[in-house]
Amino acid sequence: MNVAGMTHSPLVEEPGHLGLELGNFRPVGVRGFGDPQNNYAHSMAWFKDCLYVGTSRNSLWLIQRRGKVAPPPEMECWPVQFPEPMPMDEMCAEIWRYDPRSDEWARVFKSPLGERDGQPFPRDLGYRGMLVYQGRSDPEPALYVAGISGSGMNLMRSVDGVNWEVVGEPGLGDPRMVSARSMLEWRGRIYVTPVGAMGKTPNETDVPVILESDDPAGGRWREVCLPGFGDDTNKAVADLVVFEDHLYAATLNPTCGFQLYKTKARGEPPYRWTRVLSAGAYRGYLNEGVAHMCVFKVAIYLGTGIEGGGYNRWHQIGPAAAEVIRVHADDTWDLIVGMPRLSPSGLKPPLSGLGPG
């Protein structure tokens with residue numbers, strides 16, 4: 001799940017011939033690729049002139065099962081009926097490929113079954129991260145895919161988009177690392193933020209760090225920040241982005257609200273990080289985390305959220321809607337969409353005139 005906990009139907013669209021500026025899109029795939037159990041398009045990347053999509057399956061079933069160890073969503077009538085017991089083969093994550101030349105989709109990988117407590121269980125429940133990268137052990141650029149795996153995240157590699165192999169150790173050497181929240185390449189290195197922990201929320205982790213490697217196939221990783229940036233209320237690094245020769249990292253913090261850090265990543269890790277924002281941009285835990293960051297023109301835009309679809313039942317946060325925040329290279333910031341409030345730099349009204357959500 002992303003920080004906001006939204007489930008995405010795998011309906012992928014592409015710009016029409018008039019271009020993005022006119023908002024013309026056309027669907028290039030049926031929902032779930034013809035299988036409604038593919039109900040989460042968890043990652044995407046272009047590779048060898050094709051679009052690859054990693055799925056998670058039967059997400060509501062997983063949420064329902066998690067309700068046995070954590071507060072479940074309050075639904076008098078569950079929206080989807082599941083077979084009991086669920087066939088474990090139906091839970092195995094998939095990778096699909098779209099070829100724009102033939103306008104066709106094809107499934108190119110399905111997770112094999114593994115074993116848990118002596119019973120069959122999917123090796124990978126989802127494919128949450130996807131990135132094209134060439135490391136020191138790669139003969140050419142390869143497609144790397146990070147799985148959601150209960151015994152430690154599996155990192156897969158393919159150089160042709162058809163044949164796949166697991167590289168490195170489960171969990172990148174730490175089995176507590178269940179999946180990857182964000183994957184990014186910068187200056188010839190790959191950066192990964194682990195999330196997930198058995199019996200906890202899917203976006204928190206026991207190891208809230210950023211890992212760096214120039215040879216993921218060789219299994220060489222190192223931590224580039226202190227856990228939680230030295231603050232134990234930061235429960236995960238939620239997203240990464242590169243802007244103005246800095247690596248930016250946003251956290252998930254259910255106690256005080258998200259924090260934003262940046263570094264030039266010089267010298268030996270752990271690098272020196274500067275805190276840019278704290279306290280959820282002074283909205284507190286109603287801005288628990290950052291779902292995604294992107295660079296547009298001369299600023300970074302942050303979309304905030306509360307884990308669990310705007311209502312974190314584990315920490316009793318919300319319900320509350322998301323905000324959009326703009327951050328400049330000099331560390332000043334604007335509220336674009338959200339709740340007007342006072343901050344150390346003065347009154348922050350939403351420049352769009354729109355409230356949260």
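Predicted model: local features only at pLDDT ≥ 70, side-chain atom pairs only at ≥ 80, totals over all residues.
Phe 33, Trp 96, Tyr 98 and Trp 105 form one aromatic cluster; rings of Phe, Tyr and Trp (its six-membered ring) pair if their centres lie within 6.5 Å. Residues are numbered from 1 along each chain as its sequence is written, and side-chain values use heavy atoms, with hydrogens and water left out.

By the ring criterion, the count comes to twelve aromatic pairs. One of them, Phe 229 with Tyr 261, is stacked, at 4.0 Å centre to centre and 10° between the planes; stacked denotes planes under 30 degrees apart, edge-to-face over 60, and tilted the rest. Phe 229 lies in the loop between β16 and β17, and Tyr 261 in strand β19, 32 residues apart. Phe 229 counts as buried because its relative accessibility is 13%, where buried means under 20% relative accessible area (1.4 Å probe, protein chains only). Tyr 261 is likewise buried, at 7%.

Charges also meet rings. The charged end of Arg 116 sits over the ring of Phe 121, 3.9 Å from its centre, and that of Lys 348 over the ring of Trp 333, at 4.5 Å. The criterion is NZ of Lys or CZ of Arg within 6 Å of the ring centre and within 35 degrees of the ring normal.

Finally, the protein has two helices and 26 strands, taken as DSSP runs (helices H or I, at least four residues; strands E, at least two) numbered from the N terminus.

Note on methods: Buried < 20%, exposed > 50% of the residue type's maximum accessible area, 1.4 Å probe, protein only.
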